[in-house]
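This report describes selected local features of one protein model together with its ligand. Please keep the sequence and the three-dimensional view at hand while reading.

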Amino acid sequence: EAELIHVFKGIPFTTRSSPELLKSLDNFDAREDDVLLVSYPKSGTHWLAGVITKLYTTQVTLTSPIEFGDISKLEELNKLSSKRIIPTHLDYNMLPPNFKNKKCKMIYISRNPKDTAVSMYHYYRDNPNLPTVDTWTAFFDLFLKGDVVCGSWFDHFLSWEEHKNDKNVLFLFYEDMKKDLPKIVHDISVFLDINISDHEIQDICKKSSFSEMKTNTEKENSDPNHTVCALTSNRKLIFRKGTVGDWKNHFTPKQNVKFEEIFNEKMKLSKMAKGIIYE
Ligand code: A3P
């Protein structure tokens, strides 16, 4: 099992991200019109990707995650002639510097880490590319220690939060998309400079509902071998439940206390932390 995971610059990656690729990322040639779609795993990346690709009327390519694959990846992305929407789970510090220098637009999606933990637990159980976890209790401890793929949720969030006011960064939350998707779609269109009518927004929201996306994937209308998650290419593993607050069905009261203790300690300098976990 140990061979499923390797550690690069202190962060656990699956073997689907080759060390050679990770080492070469610093030389990646970004383009000014690239759009990055950034997340910690299980935060709603596919949902957001679905929305964003539907917003464009011009030709865009949603690529697989930049850290997914082997050394041939960079050349593959280089060859794309259309505008690129590039997903990634990298934390800010590991992001290829070219994206920062060129001030590429970056959209960060986050989610109540309690729900993220539960979603990731099920993902570990269903995804053959990830190590086996026997129980929720065991996974809960690994998650809090940051001993999971992509490392600590806290470190990931904090590295990006530092840049939430950068002009080229848009910060979004899964829970806000659940509450008022049309508003978030509008905000995204403004951020991406896309003109769109209210009617078109309604249409995008309808097509991006959990049930629509899940059914679409099952019918294989969308390529079942394309995900925006670096941990699998099997889309069928993505659409599980799609709700807010599923953590309440998994956390014991004791686990909840422990989670909040660690959350408050790790996030004490965070301005956005309040409000993310108490919904
Ligand atoms: P659950 O496991 O809680 O159901 P990611 O895309 O970052 O891998 O995140 C996957 C999570 O987003 C899963 O959460 C999945 O069900 C949820 N999700 C995917 N599409 C969704 C949609 N259209 N609406 C709401 N949730 C969605």
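The sections below treat the ligand site, strands, a helix, and several individual residues.

The model is a predicted one, in which local features need pLDDT of at least 70 and side-chain atom pairs count only at pLDDT 80 or more, whereas totals for chains, interfaces and linings use all residues. Residues are numbered from 1 along each chain as its sequence is written, and side-chain values use heavy atoms, with hydrogens and water left out.

**Ligand site**

Around the ligand there are 18 residues, of which Thr 45, His 46, Ser 119, Tyr 174 and Lys 241 come nearest; a residue is counted as near when one of its heavy atoms lies within 4 Å of the molecule.

| Residue and protein atom | Ligand atom | Distance |
|---|---|---|
| Gly 44, backbone N or O | oxygen | 3.0 Å |
| Trp 47, polar side-chain atom | nitrogen | 3.4 Å |
| Tyr 174, polar side-chain atom | nitrogen | 2.7 Å |

Taken alone, the ligand exposes 570 Å², and the protein buries 99% of that area, with accessible areas computed by the Shrake-Rupley method with a 1.4 Å probe and, for residues, only the protein chains shown counted as cover.

**Strands**

Helices (H or I, at least four residues) and strands (E, at least two) are DSSP runs numbered from the N terminus. A residue is called buried under 20% relative accessible area, exposed over 50%, and partly exposed in between, again with a 1.4 Å probe and protein chains only.

In a regular strand the side chains alternate between the two faces of the sheet.

Strand β7 (residues 169-173) is largely enclosed by the rest of the structure, because five of its five residues are buried. Val 169, Phe 171 and Phe 173 point one way from β7, and Leu 170 and Leu 172 point the other way, all of them buried. Strand β6 (residues 105-110) pairs with β7 in the parallel sense over five bridges, and Ile 109 stands opposite Leu 172 of β7.

**Helix α6**

In helix α6 (residues 136-145) the buried residues are Trp 136, Phe 139, Phe 140, Phe 143 and Leu 144. They cover an arc of only 135° around the axis, which puts them on the same side of α6; the arc is that of the directions from the helix axis to the C-beta atoms. These buried residues pack against α5 (113-126), α7 (153-161) and α12, contact meaning heavy atoms within 4.5 Å. Just after α6, Gly 146 takes a positive phi of about 75°.

Most residues other than glycine have a negative phi, and most peptide bonds are trans. Cys 150, in the loop between α6 and α7, has a positive phi of about 75° although it is not a glycine, and Cys 150 is buried at a relative accessible area of 9%. Lys 42, placed in the loop between β3 (35-39) and α2 (45-55), likewise has a positive phi, near 70°, and Lys 42 is buried with a relative accessible area of 10%.

His 250 lies in the loop between α11 and α12. Leaving aside neighbours within four places in sequence, His 250 is in contact with Val 118, His 122, Trp 136 and Gln 255. The side chains of His 250 and His 122 make a polar contact at 3.0 Å, a polar contact being a pair of N or O atoms within 3.5 Å, of which, within protein, one must be able to donate a hydrogen and the other to accept it, while residues adjacent in sequence count only if both atoms are side-chain atoms.

Asn 234 also lies in the loop between α11 (210-218) and α12 (253-266), and Asn 234 counts as partly exposed at 32% relative accessibility. Lys 271, in the segment after α12, counts as exposed at 73% relative accessibility. Not counting residues up to four places away in sequence, Lys 271 touches Glu 161 and Lys 164; the C-alpha atoms of Lys 271 and Glu 161 are separated by 8.4 Å, although these residues are 110 residues apart along the chain.

How values were computed:
Two strands pair if DSSP finds at least two bridges between them.
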